[in-house]
Amino acid sequence: MAGAATTVSDTRGVRHLFHRPKGAIPYLLLAPGIAWLLVFFVVPMWYLGKMSLSQGLFPIFSFGWVWGNFRDAITSYQTQFVRSGEYAGIATLVALLVSYPLAYWIAFRGGRWKNLFLLLVIAPFFVTYLIRTLAWETILADNGVVVHTLQHLGILGANGRLLATSAAVIAGITYNFLPFMVLPLYVSLEQIDQRLIEAAEDLYASRATAFTRVTLPLSLPGVFAGVLLTFIPAAGDFINAQLLGTPQQYMIGNVIQSEFLSVRDYPTAASLSFVLMAAILALVLVFARSLGTERLTVAA
Amino acid sequence: MLSVYAAIALAYLFLPIVVVVLFSFNNPKGRFNYTWEGFTFKNWENPFGFPGLGGALRVSIEIALLSSFFATVLGTLIALALVRYRFRGSGTTNLLIFVPMTTPEVVMGASLLTLFVNWRIPQGFGTILIAHILFNISYVVVTVRARLVGFDRHLEEAAMDLGANEWVTFLKVTLPLIMPGILAAALLAFALSIDDFVITYFNAGSTITFPLFVWGAARVATPPQINVIGTGIFIIAVTGMLGTILLQNYRSRKGALAV
Amino acid sequence: MSETFTRDQLLRRAVAGSALLSVPGLLAACGGGGKKAAATTTAATVAQKMPKSLTWSNWPLYIDLNEKTKSHPSLVAFEKHYHVNVKYLEDINDNDSFFGKIEGPLSQGQSIGRDLIVMTDSSGLPQRMIQLGWLEKLDKAAIPNIKNLIPAQQHPDWDPNRDYSLPWQSGMTGIGYDPKLTGGPIDTFEQLLTDPKLKGKVTLLVEMSDTMGIAMLANGDDPTHVTDKTFDNAINLIQKAVKSGQIRQFTGNDYAPLLANGSIYACLAWSGDMVQLQADHPGLKWVLPKTGGMIWTDNMLIPKGGNVFGASTLMNWYYRPEIAAEVEDYVNYICPVAGADKVLEKTDPAVAHNPLIFPTKAMLANAHQFDAKALNNIKYKKKFQALIGG
C-alpha cells in the first residue's frame with residue numbers, strides 16, 4: 001500500500017462505489033444534526049438579526065431596517081475589533097507551537113497510554129475556569145516568585161508586572177484553548193502511517209526533511225482544525241481580558257458583553273455580534289484558501 | 001528532544017493545577033482561598049460540606065456526559081456527510097457548522113433563552129442540555145473531519161474487494177479507524193460542557209451547574225472544597241482510564257499467550 | 001391571561017385544601033386565655049392564605065448556614081412555624097445577568113417561578129422593575145415587623161413608602177488597602193488617583209454607582225442628584241488616572257485576591273469582602289473616603305406572579321431581631337433590622353461591635369446612594385463603559 005497522498009485517479013474506483021445514485025445518504029446523515037442547528041441556532045439568530053436592525057431603549061425596541069447600527073458598530077469599536085484579531089491570532093500561534101510537539105509525542109510515542117494523555121490534556125477543565133485563573137493570579141502575582149525572577153533576569157523592569165498586561169490576557173487565552181489545539185492535531189497525526197516516515201528516511205531524507213515533507217503536510221487537516229477551534233472562539237473571548245487585563249486590553253467580546261448586560265442596548269450588541277461573526281468567517285475563509293480548502297475539507 | 005518539549009508543554013498545562021491541588025489543603029480562616037494560610041486535611045474530609053456543591057457537580061457531570069454523547073453522534077454523522085459526499089448545500093452546511101463557533105457566548109445564550117421563552121419551554125436541565133449539544137456539534141464536526149480527511153480509502157476498497165458490503169465495511173473498517181477522532185471529539189465536547197458558564201447561565205432556569213455554583217459563590221467565598229472537588233474528579237477520571245488501559249494490557253497479554 | 005398566572009391559581013387551590021388540615025392543629029397549639037379568639041383568627045387567616053411552597057432566589061452565602069447540617073436554621077424555623085416548604089435558590093450572582101435572565105419571561109407576562117428575589121438598588125434594576133410594572137406590591141398587613149427597619153432605610157428615593165421592597169442586607173463601598181504596602185493610611189479618593197507610590201497598584205470598581213459616586217463626592221458634587229456636568233467631571237477625574245496607568249484594572253470583587261496577594265496596594269472595596277479578608281489578613285484596613293463613600297442595599301422584591309402573602313410573611317420573619325441576628329452572624333454584611341445588634345451583644349459581641357457590620361451613625365452619615373434615575377440613563381452608562389472599556 002504505497003503512496004503518500006491519494007490522487008483522483010486512484011480513488012475513482014472507490015468514489016464510484018460510494019457515490020452510487022444513493023443521493024439520499026448524505027442528507028440522511030445530515031438530517032438530525034442540521035435539524036438541531038436549524039431549530040436551536042438559526043431561529044435564535046433570526047431573532048438576533050431582527051434586533052440588530054431595530055432601535056429603541058430597553059425594553060422597547062422597534063424593528064426598522066436600521067442599517068446604521070452596523071455602520072456605528074464598525075466605526076466606534078475598530079480598536080477593539082483589531083485588538084481581538086491580534087490577541088486571538090497570537091494566542092493561536094503560540095498554542096500551535098506549544099501543542100504540536102505534545103500532540104506529536106502522544107500520537108507517536110504514547111503507545112497504549114495515548115488515551116490517558118488525552119484525558120490529561122482536558123483535565124484542567126474539570127476545575128472551573130475561575131479557579132484555574134485564580135491559580136494563575138497566585139503564580140503570577142506581583143510579588144511572587146515568577147515576577148521576581150523575571151525582574152532579576154532583566155526581562156521585566158523594576159516595577160514590571162505580569163498580571164494586568166496584554167501578555168497576561170494572551171497567555172490566559174492560549175492556556176484555555178490548548179486542548180482545542182492539541183486534540184485535533186493529535187487526531188490527524190495519529191493517523192499517519194509511520195512507515196511513510198521510515199520510507200522517507202530510507203531514501204536519505206534527514207529527520208527534519210522527513211518531517212517537513214511527509215509528516216507536516218499529512219497533519220495539515222489537524223492543523224487547520226486546531227487553528228479554527230482556537231482562533232474562532234478566542235476572537236470573541238471576553239473573560240480573560242476582564243480578569244487579566246486593563247481597559248487597554250479590552251476586546252470586542254467585552255464590549256458586546258457590556259452593551260448587552262449592563263447598558264442593555266440590544267440593537268448595538270446584536271449588530272456588533274454580527275460584525276464580529278462576519279469578520280471571523282472572512283478570516284477563516286482567507287486562511288482556508290491559503291492552505292487549499294479542497295484538501296482539508298473533502299476526502300480525495 | 002521531543003520528549004523534553006512534550007514534558008514542558010504538559011508541565012505548562014498542569015502548573016496552575018498543581019496550585020489548585022495545593023490550595024485544596026489550604027486552611028483559611030475567612031471564606032476566601034486566595035493566600036496560603038496553613039495545611040489541613042479537613043477540606044478533604046468534608047468535600048461536600050458546602051450545600052449545593054455536590055448537587056451542582058452531579059448536574060454538571062450528567063449534562064457533560066449526555067451532551068458530549070449526543071453531540072458526538074450528531075456531529076460525526078455530519079462530518080461523514082461533508083467529507084465523503086458531494087451534494088448540493090455542502091457550502092451552506094459548512095457555514096452552518098462554523099457560525100455557531102463565531103457567536104459570542106452572551107449573545108448565543110440570550111438568544112436561545114428568547115427562543116425558549118417565546119415557545120414557553122420551561123428552563124432547567126432540559127434546556128441546558130439542548131444548549132450544550134448545540135454548541136458542541138460544531139466542535140465535534142471540525143475534529144472528526146480532520147480525521148476523515150486523512151483517512152486512507154484504499155482500506156475500504158480492499159475490504160469491499162474482499163466481499164464486504166458498504167455497511168459492514170463501515171462498521172468493521174472505517175469506524176474503528178476513525179474512532180480515535182471520535183473519542184477526541186467526545187473528550188473535547190465533555191470539557192466544553194463541564195466548564196461552560198455564560199450560555200448555561202441564561203438557560204438554566206433554577207438548575208445549578210458546577211460552574212454556576214463556583215461563579216455564584218465567588219462573590220463572597222471561594223471555599224477550598226471547590227479545589228477538592230476539581231482534584232477529585234480528575235483523580236477519579238485518571239484512575240478510571242488507567243484501570244481500563246491496564247485491563248486491556250492484561251487481556252491482550254493473555255490473548256497473546258493463548259496463541 | 002389564563003396561562004400567565006396559572007401557578008398562582010394552582011397554589012391558591014392547594015392552600016384551600018390544606019387549610020382544613022392545619023387550622024385544627026393551630027387551634028390546639030394556641031394557648032388559652034382571652035386572646036384566644038383574636039389569635040385563632042390570625043392563625044386561621046395565615047393558614048388559609050399561605051401557599052404550600054415558596055421559591056426564593058438569593059445571592060450565594062447570603063443567609064445563615066449551619067456547616068455541619070448544611071441547613072439554613074432561620075429558614076428551617078420558618079418552614080416549621082408556617083408549615084411551608086421553601087425552595088431556596090442561590091442563583092443570583094450578578095444583577096445585570098440575573099435581570100437578563102428574567103426580563104424575557106417578565107416582559108411577556110410570564111411568571112418566573114419565584115416568589116421572592118433579591119436585587120441591589122445600586123444596579124438601578126429594582127427601580128426599573130417598578131417602572132416596568134414587573135413587581136408586586138408588598139402585603140404590608142403581613143409585615144408588622146416592618147417597624148424594625150432602621151430609619152436610614154425607610155424612605156429611599158426610588159421606593160419612598162417601601163411599597164415594593166424591603167432591605168435584606170446592605171454594604172458600603174470604601175477604600176480597602178494594605179498599610180504595609182501603601183506606607184501609610186489612604187483615606188481620600190484623591191490619593192488613589194494621584195499618589196505615585198500607588199501607580200499601577202490601584203483598582204476601581206466596575207459598578208457605576210460605586211466608582212462614579214465616590215468620584216463625584218471627591219469633586220464635591222452630590223451623587224444623589226446627578227447632572228450632565230457633575231457626571232462628566234467625575235469621568236474626567238478618573239480618565240486621567242486610567243490613561244496614566246495609575247489605575248490598574250476595573251474589577252468586580254476580583255480585587256480581593258489581588259489585595260490579598262499584594263498585587264494591588266489599595267482599591268475601592270466592599271465592606272463585606274474586607275471582613276472576610278481581614279480574617280486571614282488582619283493588617284488590611286477599610287475606610288470610607290473622607291469626602292464620602294457609598295452604601296448599597298440588596299432588596300427583597302416580589303416578582304410578578306409570585307405569591308404576595310407568602311413572600312411578605314417570609315420577609316416579616318426576617319425582620320424579627322433574633323432572626324436577623326442569626327443571619328447577620330453568618331453573613332457579616334450590614335443589617336437593616338434594628339435590635340439585631342442588641343441580640344448579638346450577648347451571643348457574638350465581636351460581630352456586634354464590628355463597624356463594618358454595624359456601622360456607626362457617623363459612618364452612615366458619610367455613606368451615600370447614587371441617583372436612581374441616573375442609574376438607568378443610557379447616555380451615562382455608555383460614557384462609563386467607554387471609560388472602563390478602553
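In this predicted model, the secondary structure of chain B consists of 11 helices and zero strands. Read from the N terminus, the elements of chain B run α-α-α-α-α-α-α-α-α-α-α. Along the principal axes, the C-alpha atoms of chain B fill a box of roughly 70 × 60 × 35 Å.

**A helix pair inside chain B**

Helix H3 (residues 53-84) and helix H10 (residues 210-217) of chain B have axes that come within 7 Å and cross at roughly 140 degrees. That angle makes H3(B) oblique to H10(B). On the side of H3(B), the contact is made by Leu53(B), Ala56(B), Leu57(B) and Ser60(B), and on the side of H10(B) by Phe210(B), Leu212(B) and Phe213(B). By class, the residues of this contact divide into six nonpolar, one polar and no charged.

**The contact of chain A with chain B**

Chain A gives 89 residues to its contact with chain B, and chain B gives 85 residues. Within the side of chain A that touches chain B, the largest share, 17 residues, comes from helix H2 (residues 24-52) of chain A. The classes on this side of chain A are 70 nonpolar, 16 polar and three charged residues.

Two helix pairs that join these chains can be described in detail. In one of them, helix H13 (residues 266-291) of chain A and helix H4 (residues 90-102) of chain B have axes that come within 9 Å and cross at roughly 125 degrees. This makes H13(A) oblique to H4(B), and the crossing of the two helices is right-handed. Met277(A), Ile280(A), Leu281(A) and Val284(A) of H13(A) make the contact with Phe98(B), Val99(B) and Thr102(B) of H4(B).

In another pair, helix H8 (residues 166-189) of chain A packs with helix H8 (residues 166-195) of chain B at an angle of about 170 degrees, and their axes are 9 Å apart. Because angles over 145 degrees count as roughly antiparallel, H8(A) is roughly antiparallel to H8(B). From H8(A), the residues Pro179(A), Phe180(A), Leu183(A), Tyr186(A) and Val187(A) meet Pro180(B), Gly181(B), Ala184(B), Leu187(B), Leu188(B) and Ala191(B) of H8(B). The contact of H8(A) with H8(B) has 10 nonpolar, one polar and no charged residues.

| Helix pair | Angle between axes | Axis separation |
|---|---|---|
| H3(B) and H10(B) | roughly 140 degrees | within 7 Å |
| H13(A) and H4(B) | roughly 125 degrees | within 9 Å |
| H8(A) and H8(B) | about 170 degrees | 9 Å |

**The contact of chain C with chain B**

Chain B also has a contact with chain C, which takes 27 residues from chain C and 25 residues from chain B. On the side of chain C, the elements that give two or more residues are helix H4 (95-107), helix H10 (255-260) and helix H11 (271-280) of chain C. This side of chain C has 10 nonpolar, 11 polar and six charged residues.

**Local features of chain A**

After H4(A) comes Gly111(A), whose phi is positive, near 60 degrees.

Two other residues of chain A deserve mention for their backbone. The peptide bond from Phe58(A) to Pro59(A) is cis, with omega near 0 degrees. Pro59(A) lies in the loop between strand E1 (54-57) and strand E2 (60-63) of chain A. Trp65(A) is found in the loop between E2 and helix H3 (68-76) of chain A. Phi of Trp65(A) is near 50 degrees, which is a positive value in a residue other than glycine.

How values were computed
Residues numbered from 1 in each chain as written. Chains lettered and ligands numbered in written order. Predicted model: local features only at pLDDT ≥ 70, side-chain atom pairs only at ≥ 80, totals over all residues. Contact = placed C-beta atoms within 7 Å. Helix = DSSP H or I, 4+ residues; strand = E, 2+ residues; numbered from the N terminus. Nonpolar A, V, L, I, M, F, W, Y, C, P; charged D, E, K, R; others polar. Axes fitted to C-alpha atoms, helices over the stretch in contact; angles between N-to-C directions. Parallel < 35°, antiparallel > 145°, perpendicular 65-115°, else oblique. Left-handed = near helix turned anticlockwise from the far one by under 90°.
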